[in-house]
Amino acid sequence: MATFLAVGSKSAGFALMIRFFFTAVAIPSGGGVYELVGGVDWTNLLLAISIVTMTFGNLAALNQTKSVKRLLAYSSVAHAGYLLMGLVVLTGDGLSAMLFYLAIYYIMNLGAFLVVMIVANQSGRDDLDSFRGLAWRGGILPATAMAIFLFSLTGLPPFAGFIGKFYLFAAVIQRELYLLAIAGVLNSVLSLFYYVKIVRTMFLVEPEGGEGPVVLDRHNGVLLGVLAVATLVLGVYWAPLADLADRSAHFFIG
């Protein structure tokens with residue numbers, strides 16, 4: 001349920017927002033740029049919502065130690081703020097960047113929630129301590145995959161999340177919305193603190209004996225491997241997905 005709410009529900013929400021802003025309250029002004037009509041300053045309103053959303057999500061996740069699932073849920077709030085950056089600029093490039101990042105976000109966030117599910121199902125809990133020494137309890141694959149997903153969610157190279165955020169920040173800077181770009185970078189740095197805390201617990205903290213071993217079945221192992229490899233491969237071979245995002249953007253605003 002948490003995975004569905006954090007990942008699946010974003011599709012419909014952002015699809016409706018795209019339709020609303022690019023067809024109902026904006027008109028094309030040339031060069032792939034759209035101008036908003038009406039008396040509402042939508043640009044500054046969306047900019048404020050984007051900054052507040054990403055900051056609130058990261059600050060709420062920063063103090064989460066009792067539930068990694070809840071930490072990822074708050075993190076998904078922050079990523080909704082990042083995604084809004086692509087809508088703030090109100091350009092075709094911004095929309096393409098948003099769709100590109102949305103696709104990548106689904107892959108890495110689904111993978112992260114899958115690891116939490118595996119640990120929770122076998123330990124009966126999902127707090128930070130349940131991840132203690134995960135790599136040395138038979139969970140080297142889940143621990144390694146989780147590290148890949150978390151570093152990608154932060155936006156570190158060479159993972160797919162870096163390319164996704166690069167596209168978003170580039171679209172924002174192109175529109176000279178420097179405050180939004182700075183807020184996005186600072187929030188990405190902030191997220192690194194709580195993501196690294198999980199990675200450190202999995203690899204550098206010794207298990208105390210009560211956590212129990214982790215046995216990975218074939219189905220979850222294959223799915224986890226596919227999501228982790230996709231997160232790595234899309235960090236290098238991202239052009240086809242970027243082209244698909246561009247085509248999808250034209251479909252939405254066509």
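P158 is found in the loop between α5 and α6. Hi everyone, that is my starting point today, and please keep in mind that this is a predicted model. What joins P157 and P158? A cis peptide bond does, with omega at about 5°. As background for the angle-minded among us, most peptide bonds are trans.

Now to the helices on either side of that loop. Helix α5 covers residues 140-154 and helix α6 covers residues 160-174. Two packed helices are described by the angle between their axes and the distance between the axes. For α5 and α6 the angle is about 10°, and the axes are 7 Å apart. Angles under 35 degrees count as roughly parallel, so α5 and α6 fall in that class. The crossing of α5 past α6 is right-handed. Which residues make the contact? On the α5 side they are S152, L153 and T154, and on the α6 side A160, G161, F162 and K165. By type, that contact splits into three nonpolar residues, three polar and one charged.

Let's follow the chain out of α6. Most residues other than glycine have a negative phi. Is E176 buried or exposed? With a relative accessible area of 56%, E176 is exposed, because the cut-off for that label is over 50%.

K197 has 28% relative accessibility and so counts as partly exposed. Beyond its neighbours within four places in sequence, K197 touches L62, Q64, T65 and L128. The C-alpha atoms of K197 and T65 are separated by 9.5 Å, while the two residues sit 132 apart along the chain. As for L62, the K197 side chain reaches its backbone oxygen at 3.4 Å.

My last stop is S75, in helix α3, which runs over residues 68-88.

Definitions and conventions. Residues are numbered from 1 along each chain as its sequence is written. This is a predicted model: local features need pLDDT of at least 70, side-chain atom pairs count only at pLDDT 80 or more; totals for chains, interfaces and linings use all residues. Side-chain values use heavy atoms; hydrogens and water are left out. Helices (H or I, at least four residues) and strands (E, at least two) are DSSP runs, numbered from the N terminus. Axes are lines fitted to C-alpha atoms, for helices over the stretch in contact, and angles run from 0 to 180 degrees between N-to-C directions. Angles under 35 degrees count as roughly parallel, over 145 as roughly antiparallel, 65 to 115 as roughly perpendicular and the rest as oblique. A crossing is left-handed if the near helix is turned anticlockwise from the far one by less than a right angle, and right-handed if clockwise. Contact means heavy atoms within 4.5 Å. Ala, Val, Leu, Ile, Met, Phe, Trp, Tyr, Cys and Pro count as nonpolar, Asp, Glu, Lys and Arg as charged, and the others, Gly among them, as polar. Buried means under 20% relative accessible area, exposed over 50%, partly exposed in between (1.4 Å probe, protein chains only). A polar contact is a pair of N or O atoms within 3.5 Å; within protein, one must be able to donate a hydrogen and the other to accept it, and residues adjacent in sequence count only if both atoms are side-chain atoms.
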